[in-house]
Amino acid sequence: MSAQTNTESIADHSKPKKTRAKTSFIWQYFNEEEIEQNGKKITVIKCQVMNNDGPCGVSYQNSGNSTRNAIYHLCTLHNIDKNGKMTEHQETNTIKTYTEKRQKQLRQFLVNWIINDLQPIHIVKNADLKILFKELDPGFIMPCQKSIRNIIDNATSPQLKTLMKNEATSN
């Protein structure tokens, strides 16, 4: 580690960030960006596959160790496999890809259903539910449990978080 990097990390009171080599095939199609969300810097990956309207632009929060959502996105929406090849039915694929704004709206509908119907968050891992969503709307990308938790957490007011924490510890 360079002295400058070590000094910078000490100055901003953070641990030096370890980075691994990006070996997944998804990095041929995704760019990594750092954005600010709710006052925090987060890393997102954004799809660069070209559609009729330009780059796809769908983005996912990236914790740095999972490429599963990006692989699923490339496979289901762009028909790109791990060898980087387009599948033979690419030209006939009519799956509509949504903008990130529309994907967020659809994810929020899912979160609302989970909350209002008192479903466990892990319901999004249910194979039958995934099949149902894929049949109803192949353009919707099912979020993972962590994404659902983040959506709920970001929508919860600080006062409600404190109340829930106090209730949880008092019982």
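Reply: Two strands count as paired if DSSP finds at least two bridges between them. The strands themselves (E, at least two residues) and the helices (H or I, at least four) are DSSP runs, numbered from the N terminus. Bear in mind that this is a predicted model, where local features need pLDDT of at least 70, side-chain atom pairs count only at pLDDT 80 or more, and totals for chains, interfaces and linings use all residues. Residues are numbered from 1 along each chain as its sequence is written, and side-chain values use heavy atoms, with hydrogens and water left out.

Start with E1 (residues 30-37) and E2 (residues 40-47): they run antiparallel and are joined by eight bridges. Phe30 has Cys47 of E2 as its bridge partner, while Asn31 sits opposite Lys46 in E2. Together E1 and E2 make a hairpin with two residues between them. In that turn, Asn38 has a positive phi of about 55°.

Ser63 and Ile45 are 18 residues apart in sequence, yet their C-alpha atoms are 9.9 Å apart in space. Ser63 has a relative accessible area of 46%, so it counts as partly exposed (buried is under 20%, exposed over 50%, partly exposed in between, with a 1.4 Å probe and protein chains only).

Now zoom out. The protein has six helices and five strands, and along the sequence they follow α-β-β-β-β-β-α-α-α-α-α. Of its 171 residues, 26% count as buried.

A search of the whole structure turns up one: Arg107 with Glu100, their closest N and O atoms 2.7 Å apart. Arg107 is buried because its relative accessible area is 12%, and Glu100, at 17%, is buried as well.

Last stop, the surface patches. These take residues with over 30% relative accessible area and no salt bridge, joining like charges within 9 Å and nonpolar side chains (Val, Leu, Ile, Met, Phe, Trp, Tyr) within 5 Å. The areas come from the Shrake-Rupley method with a 1.4 Å probe, and for residues only the protein chains shown count as cover. Lys and Arg are positive, Asp and Glu negative, and His and the chain ends are not counted; a charge is placed at NZ of Lys, CZ of Arg, CG of Asp or CD of Glu.

Arg68, Lys125, Lys130 and Arg149 form a positive patch. Arg149 belongs to helix H5 (residues 145-155) and is partly exposed at 44% relative accessible area. Leu160, Leu163 and Met164 make a nonpolar patch of about 280 Å². Leu160 is in helix H6 (residues 158-170) and is partly exposed, with a relative accessible area of 40%.

Notes:
A salt bridge is a side-chain nitrogen of Lys or Arg within 4 Å of a carboxyl oxygen of Asp or Glu.
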